[in-house]
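Here is a friendly walk through one protein model, written for someone who would like to know where to look on screen. Keep the viewer open as you read.

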Amino acid sequence: MQQALVYAEMLDAPFAISSNGEGFLLHDRTGLTQPVESELELSEFPSLENLWPLYKQWKGLSEAKIELVEQPYHSDGSGKEPRYYQKVAVNRAIEAIAKGQQRVLLVMATGTGKTYTAFQIIWRLWKAKARKRILFLADRNILIDQTMQQDFAPFGEVMHKVTNREVKKNYEIYLALYQAVTGKEEWKQIYRQFPPDFFDLVVIDECHRGSAAVDSAWREVLDYFNSATHLGLTATPKETKEISNTSYFGDPVYTYSLKQGIEDGFLAPYKVIRIATDMDAVGYTPEKGKVDKLGQVIEQRQYNTKDFDRNLVLEQRTRLVAGKVWEYLEATDPMAKTIVFCDDQDHAERMRQELVKLIPAAAGNRRYVMRITGDDKEGKAQLSYFIDNDEPFPVIATTSKLLTTGVDAKTCKLIVLDQNINSMAEFKQIIGRGTRLREDYQKLYFTIMDFKGATRLFADPDFDGEPVVIYEPKLDEPVVPPEEIEPPGTEESEPPTYDPTDPEYGDFDLESGDTGGNGGEGRTRYVLDDVAVRIAVERSQYLDTDGKLITESYHVLLKEEIKKALQAEFGSLSDFLRRWNGADRKQALLEELAEHGVPLAVLQQAVPHGAELDAFDLVAHVAFDQQPLTRRERANNVKKRDVFGQYGEQARTVLEALLEKFADHGVQDIEDAKVLELPPFDRFGSKTQIRRGIFGGAEHYTRAVHELEQALYDPQEPKEA
């Protein structure tokens, strides 16, 4: 019954029934019958006639409203039906409208079919003649075109897209860009050519954007058609002091989270690769009087991640990012659809150029890498090909704002973040470009490669899709520290609110919604090509079904610096081997390394799977390019030889246990006598009893440990793959 109740809640079903084969247990979630749970005979299974009146009473539906609720879904004859959560969303919305609710909000994670859900709502209302003229508002041309060609196609000839600021009043389903019906000049406000009561349903796609702001020009459209029912759709409801979805629409009538979508298998899980350059980690301060390649004297201050590619362009940083992107694609799938999010159009063009230089296939096909931004007609013309599942090119799209929302790139496998993002809403929209699951195209998950610390927002407990409340203080308001940790090299700042009229974003293409690359009025941009940039940190993580980040590996890749430090300490490989083998305690060498700035933890982080290597192999590999063996491989090599044959049974058991400790933790564990106080050694008595009673004294025990170490580091040992 408990399992049935979980399903009933998910399906929005008021009744749950379980059986033991001899009878039934009926649980009434409506609370309208007593007791809540009752036992029934096998012959008493409840009928529709029994339950339907309770259902109507539970939902608060009068007989006059039943016809609307009973209106069937659209069916194209192919057998396709809405998914369970889409049915719940449709029913909840229609029930709310049937009961007279004028503002309705649906929160559904990106990739879960918000537009298809909206179509089914509109279809049922329209067929029941409960809503006769409907306006669907979006803020991207591609969203309108996709909607008309795909989900809304059944409306056929009664459907019309508002274009060229021309009003036609002989249709029933209208689709329009906010920008196409609004404007600062009165003549651009063509929505006023419709009577205020012309539409009786207005659907607002991505309503977390401009329509949520009280003073937004887009909000004027909603206020004008105030008598209509307003249905808001979003994956990321926005709640700030000035912008609020819930204050306008009320609480969501239904929420389907990203977490639930992954658990249900409808959305692709994803991995995260977080990479920081040394400049992002510690910042960059130019020397006094330094001039950039354009001849401008650079303002002397510390430049951090938020400055790069906006106020300060480090060309070698762009080159490094492009190199890591191609390194990943080359090693996985060079034809994997990839979106690289940049700070503006200029940054997107520079990134395109660097990728073209790196990728051999780009020389043979000019469409392999394309900048798809609002100011580039050639690039925008490729957008439909990029999102087409069956079109191989373009493979990589560099962009700034154009692809952040709604573009249905089902086969996108890699999302690269080289953009300053501090808004949870914008962040979720961006990663939503990859959440579509397509097994037929071998897309079972996608990867996020993050160069500017945006994925720190993953740690937010609300990431699973619940509404996110963000406090955005003005300069004269008290500052409330954000919950998320700022990445290294950044300062606390206001999360940006996306406003197309804000000069901070530069020129704005109303048809595309993309931002220009002029850097904004009054902002100087410096360009440097002589500042070396290297990888500082690379962290691989994935998101589990609870919306938590799980760290998979962590590499500090300042390998050349570590290599120099080790060579300065040990000299040559033979010198290192001599010191290692001659040391009574290997731990003493590790302590010396730590004093010179190379602790074991840094060594382990310097190479992939470094945590599985002993200090000996880490030094030999990093400093002298020797092929390493894992601790487990070294332990297994010792087990293959009769190293402990001279000892008694108990001594052999102790040494074999020490070998296991080495395999698990390294040489420092077996050199520490305190290890004998831990399981499994404690069953032989105290550490004194083990050393004296089993080995004949502490000196004999120490000699046995040294012999074990010699066997572990025997250079003649066989090396296994």
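A residue is called buried when its relative accessible area is under 20%, exposed when it is over 50%, and partly exposed in between (1.4 Å probe, protein chains only). The model is a predicted one, in which local features need pLDDT of at least 70 and side-chain atom pairs count only at pLDDT 80 or more, while totals for chains, interfaces and linings use all residues. Residues are numbered from 1 along each chain as its sequence is written, and side-chain values use heavy atoms, with hydrogens and water left out.

## The whole protein

Of the 721 residues in the protein, 52% are buried. The fold has 27 helices and 24 strands; these are DSSP runs numbered from the N terminus, with helices (H or I) of at least four residues and strands (E) of at least two. A contact here means heavy atoms within 4.5 Å. Among contacts between residues at least 6 apart in sequence, 69% join residues at least 24 apart. The accessible surface comes to about 32500 Å², and 49% of that belongs to carbon and sulfur atoms. Accessible areas come from the Shrake-Rupley method with a 1.4 Å probe, and for residues only the protein chains shown count as cover.

## Salt bridges

Side chains of opposite charge can pair when their charged atoms come close. A salt bridge is counted when a side-chain nitrogen of Lys or Arg is within 4 Å of a carboxyl oxygen of Asp or Glu.

| Pair | N to O distance |
|---|---|
| Lys293 and Glu315 | 3.2 Å |
| Glu299 and Arg301 | 3.9 Å |
| Glu660 and Lys639 | 2.6 Å |

Lys293 and Glu315 form a salt bridge at 3.2 Å. That pair links distant parts of the chain, with Lys293 in the loop between α11 and β13 and Glu315 in helix α12 (residues 315-331), 22 residues apart. Are its two partners buried or exposed, or something in between? Lys293 is partly exposed because its relative accessible area is 44%, whereas Glu315, at 18%, counts as buried.

Glu660 is partly exposed at 28%, and Lys639 is partly exposed at 45%. Elsewhere, salt bridges that share partners join Asp280, Asp309, Arg317, Asp343, Asp344, Asp346, Arg350, Asp418, Lys452 and Arg525 into one network.

## The loop between α11 and β13

Asp309, a member of that network, has its place in the loop between α11 and β13. Asp309 is buried, because its relative accessible area is 1%. Asp309 also has a positive phi of about 75° although it is not a glycine. Leu294 lies in the loop between α11 (278-282) and β13 (312-314) too, but Leu294 is exposed, with a relative accessible area of 57%. Which residue lies 7.6 Å from Leu294, C-alpha to C-alpha? It is Tyr526, 232 residues away in sequence.

## Backbone features

Most residues other than glycine have a negative phi, and most peptide bonds are trans. Asn164 has a positive phi of about 55° without being a glycine. Asn164 is found in the loop between β6 (159-161) and β7 (173-177) and, at 71% relative accessibility, counts as exposed.

A cis peptide bond joins Gln34 and Pro35, with omega about -5°; Pro35 is in the loop between β2 (23-28) and β3 (37-41). The peptide bond from Pro679 to Pro680 is also cis, with omega near 5°, and Pro680 has its place in the loop between α25 (667-671) and α26 (687-694).

## One buried histidine

His208 is found in the loop between β8 (201-204) and α8 (217-224). His208 is buried, with a relative accessible area of 6%. Its C-alpha atom is separated by 10.0 Å from that of Thr246, 38 residues apart along the chain.
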